[in-house]
Amino acid sequence: MKNYRKILTVLLLLSFLTLVTAGCGGGGVSSDAVKVGVILPLTGSEAMFGEMEKNSFDMAYEELKAEGKTTIGDKEIVLMYEDDQGRQDVARSATEKLVNQDKVAMLSGGYSSACTNVIAGSAQTLNTPFLIVTGSSDDITKQGWDFVFRGTAAPASMYTGAFWDMMEKVVKPQSVAIIFENTDFGTSSSKGFREECQKRGINIVFDQAYEHGAIDFKPMLANLRSTNPDMIFATSYVMDASMIVKQMKELNFDTKLFVGNGAGYTMPEFYQNAGAASDFVASTSLWVPNVSWQGASEYYEKYKQKYGKEPDYHGAQAYATMYVIADALNRAEDLSNTGIQSALKDTDIQTIMGPIKFVDWAGFTNQNEPNTYVVQWTDGKLEVIWPEEVKSADYVYPVPKWSER
Amino acid sequence: MEDAWIKFGQTVICGILLGGMYSLIAIGMTLIMGVMKIVNLAHGALVMVGMYVVYICATNYGIDPYIGMFIAMPVLFFLGCLIQKYMINRLVEVDSILPENQVLLTVGIMLVLTEGIRLFFKSDYRSVVTSYSSDTLYIGAMSISVPLVIGFIIAMAFTFLLHMFLTKSDLGKSIRATAQDRDAAIFMGVNSSKITMITFGLGAALAAAGGSLLLPLFYLFPDVGHLFTAKSFIITILGGLGSTWGAAIGGLVIGLSESLGATYISMGYKDVVGLVMFILVLLFLPGGIRSLVKR
Amino acid sequence: MLNKNTLMTIVFALVAVALPVIIKAPYQQHILILVIIWATIGTAWNLLSGYAGQVSFGHAAFFGVGAYSAGLLTLHYGLSPWWGLALGPVMAMLIALPIGAIAFRLRGPYFALATLALGEIFRLMFLNMTGFTNGAKGILIMPAITSKIAYYYIGLGILAATLLVTYLIVHSKIGYYLVSIREDQDAATSLGIPTTFYKNLALLPSALFTGLAGAFYMNYVTFIDPDIVFNLTDISIMVILVVMLGGVATTWGPTIGAALYIIMGELFRTTLGSANVLVFGVLVCLIIMFLPNGIAGELDIIKRITQRKKAGLSGGV
């Protein structure tokens with residue numbers, strides 16, 4: 001029985017300790033610092049992106065430090081990371097802690113739409129500026145929340161900007177099929193695409209959601225094939241994307257063009273898993289390493305060298321966001337919440353994701369007008385094919401049949 | 001009309017093949033549940049660990065996943081034995097209000113395994129690509145992926161071997177005796193703590209085998225196990241607790257019904273089909289498929 | 001003995017009421033509110049599963065339906081989500097009836113797995129009925145109240161009601177029937193106890209208060225989607241963890257468990273970086289291995305043994 005007692009005492013002590021440390025908390029950061037809270041999923045199933053974004057934040061921070069841009073007056077910018085575990089109640093706790101406990105000057109981060117929604121809502125109620133990195137749900141910047149800014153991330157329904165241009169000039173499909181994962185990003189972006197199709201009178205012959213993580217997509221693909229669409233528009237999570245194109249190859253399912261909607265279709269893992277099946281798959285994208293914006297390819301090379309892994313657009317979003325933060329904090333008249341808010345509002349900066357400005361348009365508030373691209377896989381390389389001014393390779397359309405490759 | 005038949009054939013064949021691999025994972029669970037009467041929520045995590053062992057063999061030493069499987073199985077057998085002996089077994093002997101605290105322990109084990117793997121491998125998605133990964137077999141206009149066929153054959157072979165082991169060998173008979181009546185088995189001189197240890201190890205090894213068979217056509221990340229845990233439960237109950245053949249057939253039934261659901265209802269609802277079947281079986285056929293056979 | 005218990009309760013209540021006055025920092029208040037929400041779900045789960053022994057793996061269904069009742073009122077009718085506090089519990093009870101009708105025909109692990117499957121079915125339904133529930137996009141509301149203290153006292157009221165009702169049920173005749181069903185259902189049936197009826201008497205209040213907690217959660221966290229509120233691991237299984245940590249079939253167990261779960265989780269998260277869930281998992285294993293009946297449960301055993309020793313009897317486990 002002594003054992004129990006010991007454990008019990010330890011447990012009780014632990015909980016007291018918690019309350020005490022949480023009560024006096026604040027950590028080792030001195031008060032003459034400008035604290036920026038960054039909330040990312042560092043554990044849980046989204047941690048892969050959280051890690052990539054954290055690394056990119058750190059990399060940008062070091063570069064800015066070398067340029068002396070991380071010191072404002074006598075105060076230094078300090079990044080404080082918090083893990084949201086990919087769960088929105090934890091994201092809420094992290095926001096509360098950063099704002100009320102650590103007294104951060106502003107917030108950034110936000111990967112999943114669910115967590116970003118919650119952080120944005122809390123930031124708005126707590127009057128703390130929040131600059132979103134990835135969270136792409138349309139609704140977030142449609143609430144009229146003036147403390148919430150979205151620069152490097154496009155609203156989910158807007159990923160297709162450049163693609164619609166290409167549709168009009170090149171693809172001109174009579175019929176399209178839409179498949180999407182039943183998550184926030186999947187439903188929002190396919191909704192946007194569907195509405196645009198209806199507006200333009202394009203016939204939607206197939207429209208189905210699926211639960212991510214499936215092993216066998218052939219049932220859906222077989223149904224899809226019998227509708228014989230000119231083009232397929234797919235929104236998929238990382239590996240579902242490669243499962244889908246691999247199984248299309250196995251089915252010998254030919255279509256004039258298969259377009260993914262960012263996410264799974266632009267990541268290095270997609271090619272690693274899908275191999276040759278990835279050829280000629282097109283995708284919308286917010287960023288590619290060989291895009292013509294200054295610093296983009298340098299970022300890509302440097303990241304690859306430093307962390308031994310290829311980054312994708314999520315990393316670029318975080319990297320560019322850090323530059324936007326440093327720029328705004330350096331320009332801010334004072335480091336109060338409203339001071340930073342108005343500095344962010346006046347942002348006009350060139351980043352590796354293109355120019356960033358926070359404007360109000362089409363019902364959005366503080367939303368950068370995103371630059372979007374259409375990319376296409378060729379031999380394991382992602383080439384920009386649209387818009388034509390920035391293309392790195394010519395588009396292939398219609399794509400060759402499986403039997404002719 | 002022709003098209004409709006091809007679609008139907010495709011659906012049925014793929015469903016059955018995939019179901020075969022579900023079976024193998026579920027047989028691991030049915031053994032554990034049958035002998036120890038506990039719900040093992042860490043089962044999917046064991047599948048995941050097994051897949052990582054195969055992954056390491058394949059990427060670091062160039063070992064083919066189907067051979068790597070025979071490395072993963074002993075590793076997981078050993079891990080399973082350790083978990084049973086030093087963690088779960090402790091609880092079996094302690095008196096508690098609800099036996100479900102063992103379930104919770106398996107939740108803790110699941111967290112530790114998943115997050116431990118994450119610490120080493122990060123959350124990156126990994127895949128083992130082999131020369132035959134995208135080979136396809138064509139029967140008429142139906143296309144069937146080769147790794148799926150190989151996986152199915154190996155899974156069925158394992159099921160058969162396991163069945164032989166359980167019915168013919170002394171150790172196998174002791175396992176079955178413990179599953180039927182633990183106390184009686186102890187009186188008959190069965191070393192129950194050794195038996196439970198071996199059972200858990202065996203269950204873990206089978207989970208690893210199932211995972212390895214899926215690897216050439218699937219992918220890998222630390223949370224991949226969640227996909228399998230709930231599915232194995234459903235199959236276990238469908239087949240009848242503790243029944244190897246029941247679980248094998250249950251796996252095929254679930255594979256088939258998901259596949260049919262995906263084709264004729266919607267991809268989004270395919271899991272609902274399996275779950276509804278599960279509840280219907282619970283209500284109207286409480287002994288599972290096994291009770292049908294015995295009747 | 002009773003006096004001592006009442007005294008303890010009064011002390012607990014006073015501390016709970018005074019806490020937000022002592023702890024003024026909004027972050028700590030936020031943690032307390034989360035503790036209250038989890039304590040409520042835990043206490044509700046404890047009635048059905050701890051006392052009556054019907055271990056549910058599907059409480060996320062009640063929680064989710066409660067949360068969605070509040071969210072959908074706002075989404076479809078523009079009503080304040082606070083009306084969800086009235087509608088949520090009712091809806092949760094309504095779905096509890098068919099769930100009970102199905103699951104109570106089964107026992108032990110079969111019952112547990114049936115509730116697990118039913119919970120998952122609800123998640124998939126809410127995910128796929130996009131027209132009605134907004135699907136995976138979820139429901140986002142702007143909170144009308146920003147003061148943490150208001151939320152704290154509303155939550156505390158809900159928890160107090162849950163504790164009181166549970167206490168009354170458990171200490172009435174029904175409570176003894178429930179425990180007898182847990183200990184030996186066949187014996188209970190043979191004594192003429194209509195077991196299914198009494199199980200439902202435990203299920204309905206359990207669903208009611210879980211739904212209430214769900215509706216409150218929607219109001220407080222302001223965003224829900226099906227993968228969050230119907231989550232098998234994060235809700236259904238975590239509530240079991242909360243109660244088991246604190247003590248199954250004890251009055252204060254779930255509350256103690258909720259405090260431990262939230263505070264430790266938060267402490268680890270903020271101090272241990274990316275290893276935080278791993279350490280949490282290790283701790284869960286240790287607690288269950290060494291305190292199999294939870295902290296409040298083992299406390300009773302310790303007390304009993306020390307008292308027995310005092311009485312001059314030989315102590316032993």
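**Entry 1: confidence in chain B**

I began with the elements of chain B, where helix α12(B), residues 289-294, has the lowest mean pLDDT, at 70, while helix α2(B), residues 43-61, has the highest, at 94. The model is a predicted one, and I noted that chain B averages a pLDDT of 87, with 96% of the residues scoring at least 70.

**Entry 2: hairpin and helix pair in chain B**

I then looked up strand β1(B), residues 136-139, and found that β1(B) pairs with β2(B) in the antiparallel sense over four bridges. Within this pairing, I see Thr136(B) standing opposite Ser145(B) of β2(B). The hairpin of β1(B) and β2(B) has two residues between the strands, and I noted that Gly140(B) takes a positive phi near 60° there.

Next I turned to helix α9(B), residues 226-239, and helix α11(B), residues 270-284, which pack with their axes 9 Å apart and at an angle of about 35°; their crossing is left-handed. From α9(B), I listed Ile234(B), Ile237(B) and Leu238(B), which meet Gly274(B), Leu275(B), Phe278(B), Val281(B) and Leu282(B) of α11(B). By class, I recorded seven nonpolar residues and one polar residue in this contact, and no charged ones.

**Entry 3: chain B against chain A**

Which elements of chain B each supply at least two residues of the side that touches chain A? In the contact itself, I find 29 residues of chain B and 32 residues of chain A, and the elements I wanted are α1(B), residues 2-36, α4(B), residues 101-121, β2(B), residues 142-145, and α10(B), residues 244-264. Of these, α1(B) gives the most, with six residues. I classed the side of chain B that touches chain A as nine nonpolar, 12 polar and eight charged residues.

**Entry 4: chain C against chain A**

**Entry 5: a helix pair in chain C**

The contact of α2(C) with α7(C) holds 17 nonpolar, seven polar and one charged residues.

**Entry 6: the sheet of chain A**

Last, I traced an open sheet of seven strands in chain A, with mixed pairing and the order β8-β7-β9-β10-β11-β16-β17. The edge strands, each pairing on one side only, are β8(A), residues 203-210, and β17(A), residues 381-386. I recorded a twist that averages 25° from one strand to the next. At one end of the order, β16(A), residues 373-378, runs antiparallel to β17(A) and is joined to β17(A) by five bridges, and I found that Thr378(A) has Lys381(A) of β17(A) as bridge partner. Helix α6(A), residues 184-199, packs on the sheet, where I see it touching β7(A), β8(A), β9(A) and β10(A), and its direction makes about 165° with that of β7(A).

How values were computed:
Residues numbered from 1 in each chain as written. Chains lettered and ligands numbered in written order. Predicted model: local features only at pLDDT ≥ 70, side-chain atom pairs only at ≥ 80, totals over all residues. Pairing = 2+ DSSP bridges. Axes fitted to C-alpha atoms, helices over the stretch in contact; angles between N-to-C directions. Contact = placed C-beta atoms within 7 Å. Nonpolar A, V, L, I, M, F, W, Y, C, P; charged D, E, K, R; others polar. pLDDT = per-residue confidence, 0-100. Left-handed = near helix turned anticlockwise from the far one by under 90°.
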